[in-house]
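Subject: Structure handover

Hello,

My notes on it follow.

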Amino acid sequence: MTLRFETIVSQLCTKIGPLDERAMAEAQRRWDSIAHPLNSLGMLERDIIRIAGITGDPNVDLSKKAVVAMCADNGVVAEGVTQTGQEVTAIVTENMSKGDTSVCCMARVAGAEVIPVDIGVARPVTGENIRQCCVRRGTANMTKDPAMSRGEAAKAVMTGILLVEELKQVGFRLLATGEMGIGNTTTSSAIVSVLLGKDPAEVTGRGAGLTSEGLERKIHAIRTAIAVNQPDSADPLDVLHKVGGLDIAGLAGVFLGGAIHRVPVLVDGFISSAAALVAAAICPAAKDYMLASHASNEPAGRMVLETLGLTPFLHAGMCLGEGTGAVAVMPLLDMGAAVYREMCTFAATDIEAYEHLT
């Protein structure tokens, strides 16, 4: 299984090429023709141009949007690294299916669909809107053993890739990454610590409200997991299977799928950015297909985005997860796209066109 999924992922990643320069140049010309001071919408203009390059089409269409929320449990919660119990993952996953979580409320305003995916919840979850893609019922305690097998990590990545392909086929044009999994800031910090070569204390925060004592337990658990498993920083799949989580692996697949199938994908907060870091380690070209949303309040959130070369729209002190930060940016992109499509041009007015100054 391991070789099969790894081989397929590797083969698919060879399809990731550069952004479409022709489409981006045409999008730039469209912005320059619009009756407004050049570049005055800043990052909105930048990302609309980037979306044109991602899709290969200067006619930017963001009308159908979704949040892909990968849901999974993490065995490391046994080490006392969380404020709540593991059972919360299943409860929130089922609530997502009913539209009763924070990201669901925000997505309704943003005009986006929430797609919860059971990729590794500890118990079976029910709900007609839940994608049943469980690789295993929660990971092992990574302070004792690898979190999962290498084959399971590869399968989870492949799950994310295939889901993007399916969503593109039914018309989705913009995806946000979300997650639900008690303990997943611990696994994210472990991954970032290894891939960036940082001490766990530099990249570990309080997650969903840990005390100072709890934070020390969390840092100790990460150090122990890395010492026990010795993940290879040059092998992202090794890092995933030893100290990662199924939700992070699935999201890494979503980022790779976005690049393979030319669908723009918004990075949410710290957990999502850890998954983006894994995807970029698997295939560096995938970075060009990612869009930043917000700077997470977790200590390493901005650090990871800087490593990926991404600049976030929002600095709002958010750290809720679920995809909430990415969804918060969707209306901004919609506004930018509306100006891009609908605004009158200099040629259609009596206003003299601006010129680029050197």
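Leu266 touches Leu174, Leu175, Ala176, Thr177, Phe255, Leu291, Ala292, Ser293, Ala326, Val329, Met330 and Leu333, leaving out residues up to four places away in sequence. Contact here means heavy atoms within 4.5 Å.

Before you go on, note that this is a predicted model: local features need pLDDT of at least 70, side-chain atom pairs count only at pLDDT 80 or more, and totals for chains, interfaces and linings use all residues. Residues are numbered from 1 along each chain as its sequence is written, and side-chain values use heavy atoms, with hydrogens and water left out.

Leu266 also stands out in the largest nonpolar core, which has 119 residues: Ile16, Leu240, Leu256 and Leu266 touch the most other members. α11 gives this core its largest share, 10 residues. A nonpolar core is a set of buried Ala, Val, Leu, Ile, Met, Phe, Trp, Tyr and Cys residues joined through side-chain atoms within 4.5 Å. Buried means under 20% relative accessible area, exposed over 50%, and partly exposed in between (1.4 Å probe, protein chains only).

Helix α11 covers residues 246-261. Helices (H or I, at least four residues) and strands (E, at least two) are DSSP runs, numbered from the N terminus. From first C-alpha to last, α11 reaches 22 Å, close to the 22 Å expected for its 16 residues. The expected span is 1.5 Å times one less than the number of residues. In α11, 16 of the 16 residues are buried, so the helix is largely enclosed by the rest of the structure. Just after α11, Arg262 takes a positive phi of about 60°.

Helix α12 (residues 270-282) has 13 residues and should span 18 Å; its end C-alpha atoms are 18 Å apart, which agrees. α12 is mostly covered, with 11 of its 13 residues buried. Among them are Phe270, Ile271 and Leu277.

Ala326 sits in helix α14 (residues 324-342). Its relative accessible area is 0%, so Ala326 is buried. Beyond its neighbours within four places in sequence, Ala326 is in contact with Ala176, Leu266, Val267, Asp268, Ser293 and His294.

Asp118 is in strand β2 (residues 112-120). Asp118 is also buried, at 0% relative accessible area. Setting aside residues up to four places away, Asp118 touches Cys71, Val125, Ile130, Arg131, Gln132, Cys133, Cys134 and Arg137.

**Cysteines**

How many disulfides are there in the whole structure? The search finds zero. A disulfide is a pair of cysteine sulfur atoms within 2.5 Å. The sulfur of Cys283 is 4.7 Å from its closest cysteine sulfur, in Cys13, too far for a bond. For Cys105 the closest is in Cys104, at 6.9 Å, also too far. Cys283 is buried at 9% relative accessibility; Cys105 is partly exposed at 40%.

**Rings**

Rings of Phe, Tyr and Trp (its six-membered ring) pair if their centres lie within 6.5 Å; planes under 30 degrees apart count as stacked, over 60 as edge-to-face and the rest as tilted. The count is one aromatic pair. Trp31 and Tyr340 have ring centres 5.4 Å apart and planes at 55°, so the pair is tilted. The pair links distant parts of the chain, 309 residues apart: Trp31 is in helix α2 (residues 21-33) and Tyr340 in helix α14. Both Trp31 and Tyr340 are buried.

Best wishes
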